[in-house]
Amino acid sequence: RVHGGTFLILGEWVGSGVWVRNKDDMKSLFFNGSYGKGIISKRGILGVTEEWNNSNNYYNSNNNNNNETNTNINLEEYEVLQLSLEEAFFLHSKIKVLSIYEINSNNEQIFFDINKLWTTFLSVDPQFPLSYSTYQHFKQKGWIVRSGLKYGVDFVLYRTSPINEHAECCVMIADANPELTKLPQKRNIDWSLVQNLNRLSTLVAKYLVISYVLFPSSSFNSIDCLSSFS
């Protein structure tokens, strides 16, 4: 597929994330940087990292209300790769392999430029400047960065693929100057929280990293703000 003279992977904006539907693209992103996760699979991508076993199909159970069975359901057909906001923006703006579109009321593909993508993601998540700048920082250090929701943190860091190893670090993001940025805060970071997260990280054999992000400005309307964070 070609868009704008460049070969790109296509992703559809669905309001909370970006979905990649093409199987080859899903495979390419997952095995070259561990981007995204299937919306059906627990860890990888159904039909790419694992196969659908129809004998485990809930909808094929003899216990359903109508006592009917359906042996033809294959959930691999419905699997898509969902990218987080941070992953999608990084692939679009830094790696430049992902072109993102949305479907309008006329069922037409409308492509995002980088500025529209920034404002759209910012409207969905007001803390996006903090989370993306942290994501970009660790990606450029060579880490595989994944969601840390399972451990109560923002990100977890892997040396290699999550399929092959456990995460090494838990990352909690902190706004270094909330009085200036005036961004909504997810949490109040105090020693009690740090102690609890550190204990949890130790129990799951991970280091706790607190990432303080400093923006010298309170203006986040443009992607240009990313050039000033530290």
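# Around helix α1

Reader: What covers the buried residues of α1?

Author: The cover includes β3 (9-13), β4 (18-20), β6 (81-83), α2 (85-93) and β9 (144-147). Contact means heavy atoms within 4.5 Å. Helices (H or I, at least four residues) and strands (E, at least two) are DSSP runs, numbered from the N terminus.

Reader: What sort of model is this?

Author: It is a predicted model, where local features need pLDDT of at least 70 and side-chain atom pairs count only at pLDDT 80 or more, while totals for chains, interfaces and linings use all residues. Residues are numbered from 1 along each chain as its sequence is written, and side-chain values use heavy atoms, with hydrogens and water left out.

Reader: Which residues of α1 are buried?

Author: In α1 (residues 23-31) they are Asp-25, Met-26, Leu-29 and Phe-30. They lie on the same side of α1, because they cover an arc of only 125° around the axis. That arc is taken from the directions from the helix axis to the C-beta atoms. Buried means under 20% relative accessible area, exposed over 50%, partly exposed in between (1.4 Å probe, protein chains only).

Reader: And the ends. What caps the N-terminal end of α1?

Author: Asn-22 does, with a side-chain oxygen 3.0 Å from the backbone nitrogen of Asp-24. Just after α1, Gly-33 has a positive phi of about 120°.

Reader: Switching to strands. How many bridges join β3 to β7?

Author: Four, and the two strands run parallel, β7 being residues 98-103. Ile-9 has Leu-98 in β7 as its bridge partner. Two strands pair if DSSP finds at least two bridges between them.

Reader: Do β7 and β8 pair in which sense, then: parallel or antiparallel?

Author: Antiparallel, over three bridges, with β8 at residues 109-111. Ile-103 is opposite Gln-109 in β8. Five residues lie between the strands of this hairpin, where Asn-107 takes a positive phi near 60°.

Reader: Arg-146 next. Buried or exposed?

Author: Arg-146 sits in β9 and counts as buried because its relative accessibility is 13%.

Reader: What does the side chain of Arg-146 reach?

Author: The backbone oxygen of Ser-34, at 2.5 Å. Leaving aside neighbours within four places in sequence, the contacts of Arg-146 include Phe-30, Glu-87, Asp-154 and Tyr-158.

Reader: What is the mean pLDDT of the protein?

Author: The mean is 82, and 84% of the residues reach 70 or more. Over residues 55-63 the pLDDT is below 50, and this stretch has 13 contacts in the model beyond near neighbours in sequence. pLDDT is the predictor's confidence in each residue, from 0 to 100.

Methods: A polar contact is a pair of N or O atoms within 3.5 Å; within protein, one must be able to donate a hydrogen and the other to accept it, and residues adjacent in sequence count only if both atoms are side-chain atoms.
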